[in-house]
Amino acid sequence: MGELMTEDASAIHIAPWMHIITQGGGAPLDELLPVSGSVFVARLNGREMTDETATFLHFGDVLRFPEYFGWNWNAFYDCLRDLQWLSTDRHIIIIESTESVLSEDHDARERLFAALWRAGHRRSYTKRPEGVTLGGLSVVLSCDTESASELAEHLGEIARASR
């Protein structure tokens, strides 16, 4: 995946806003948490996201989606892109057991990861002149060790397709 992915013992950094950590590997949280400002951390359980409806419900509950949420992937992306109702500077979404997320629905899984990728990309910016990429949204995907490489490759495909 070239320039997009760096790897260390416990994490795969797909982009400044997208990270994969393996369960039990010890997350480099000091690298993922912002230095200052108010932060909203959302922890989601991938095992509870068995289908689209369950996924929308889980994200909606944890991220406190507004009542006007439209229960479709476009509305989901719009909510991730916005998040203004949370009144914080930065947002971190941690999905545990990512390998279980929508495991029986490939199309919905594809849409979920694409929405997370696009929202993170849209909410990131580069600080000049330092050239440091900062973001209002970071996504941390926690999975078992066996799933990490496959998930990283999958996210790399999404990244290449979104260029």
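A crossing of two helices is left-handed if the near helix is turned anticlockwise from the far one by less than a right angle, and right-handed if clockwise. By that rule, H3 and H4 cross in the right-handed sense.

The model is predicted: local features need pLDDT of at least 70, side-chain atom pairs count only at pLDDT 80 or more, and totals for chains, interfaces and linings use all residues. Residues are numbered from 1 along each chain as its sequence is written, and side-chain values use heavy atoms, with hydrogens and water left out.

Start with the whole chain. It holds five helices and eight strands. Both kinds of element are DSSP runs numbered from the N terminus: helices are H or I with at least four residues, strands are E with at least two. Read from the N terminus, the order is β-β-β-α-β-α-α-β-α-β-β-β-α. Of the 163 residues, 47% count as buried. Buried means under 20% relative accessible area, exposed means over 50%, and partly exposed lies in between (1.4 Å probe, protein chains only). The chain exposes about 8600 Å², and carbon and sulfur atoms supply 46% of that area. The areas come from the Shrake-Rupley method with a 1.4 Å probe; for residues, only the protein chains shown count as cover. Contact means heavy atoms within 4.5 Å. Among contacts between residues at least 6 apart in sequence, 62% join residues at least 24 apart.

Now the helix pairs. Two packed helices are described by the angle between their axes and the distance between the axes. Here the axes are lines fitted to C-alpha atoms, for helices over the stretch in contact, and angles run from 0 to 180 degrees between N-to-C directions. Angles under 35 degrees count as roughly parallel, over 145 as roughly antiparallel, 65 to 115 as roughly perpendicular, and the rest as oblique.

Take H2 (residues 52–63) and H3 (residues 73–82). Their axes come within 12 Å and cross at roughly 20°. That makes H2 roughly parallel to H3. The crossing is left-handed. H2 contributes Glu52, Thr55, Phe56, Phe59 and Leu63 to the contact, and H3 contributes Trp73, Phe76 and Leu80. Six of these residues are nonpolar, one is polar and one is charged. For this count, Ala, Val, Leu, Ile, Met, Phe, Trp, Tyr, Cys and Pro are nonpolar, Asp, Glu, Lys and Arg are charged, and the others, Gly among them, are polar.

Move on to H3 and H4. Their axes come within 9 Å and cross at roughly 30°. H3 and H4 are therefore roughly parallel to each other. On the H3 side stand Trp73, Phe76, Tyr77, Leu80 and Arg81; they meet Ala108, Arg111, Leu112, Ala115, Leu116, Arg118, Ala119 and Arg122 of H4. This contact has nine nonpolar residues, no polar ones and four charged.

H4 (residues 106–122) also meets H5 (residues 145–161), with axes within 10 Å and a crossing of roughly 65°. H4 and H5 are therefore roughly perpendicular to each other. Their crossing is right-handed. From H4 come His106, Arg109, Glu110, Phe113, Ala114 and Trp117, and from H5 come Leu151, His154, Leu155, Ile158 and Ala159. Seven of these are nonpolar, two polar and two charged.

Glu52 belongs to H2 and is partly exposed at 30% relative accessibility. Beyond residues up to four places away in sequence, Glu52 touches Trp73, Leu102, Asp105 and Ala108. Its C-alpha lies 9.1 Å from that of Leu112, 60 residues away along the chain. His58, also in H2, is buried, with a relative accessible area of 12%. Leaving aside neighbours within four places in sequence, His58 contacts Leu44, Asn45, Glu48 and Met49. In H5 sits Glu150, which is exposed at 64% relative accessibility.

Finish with the backbone. Most residues other than glycine have a negative phi. Arg64 has a phi near 55°, a positive value in a residue other than glycine. Arg64 lies in the loop between H2 and H3 and is exposed, with a relative accessible area of 52%. Leu102 has a positive phi of about 45° and is not a glycine either. Leu102 lies in the loop between strand S5 (90–96) and H4. Leu102 counts as buried, at 0% relative accessibility.
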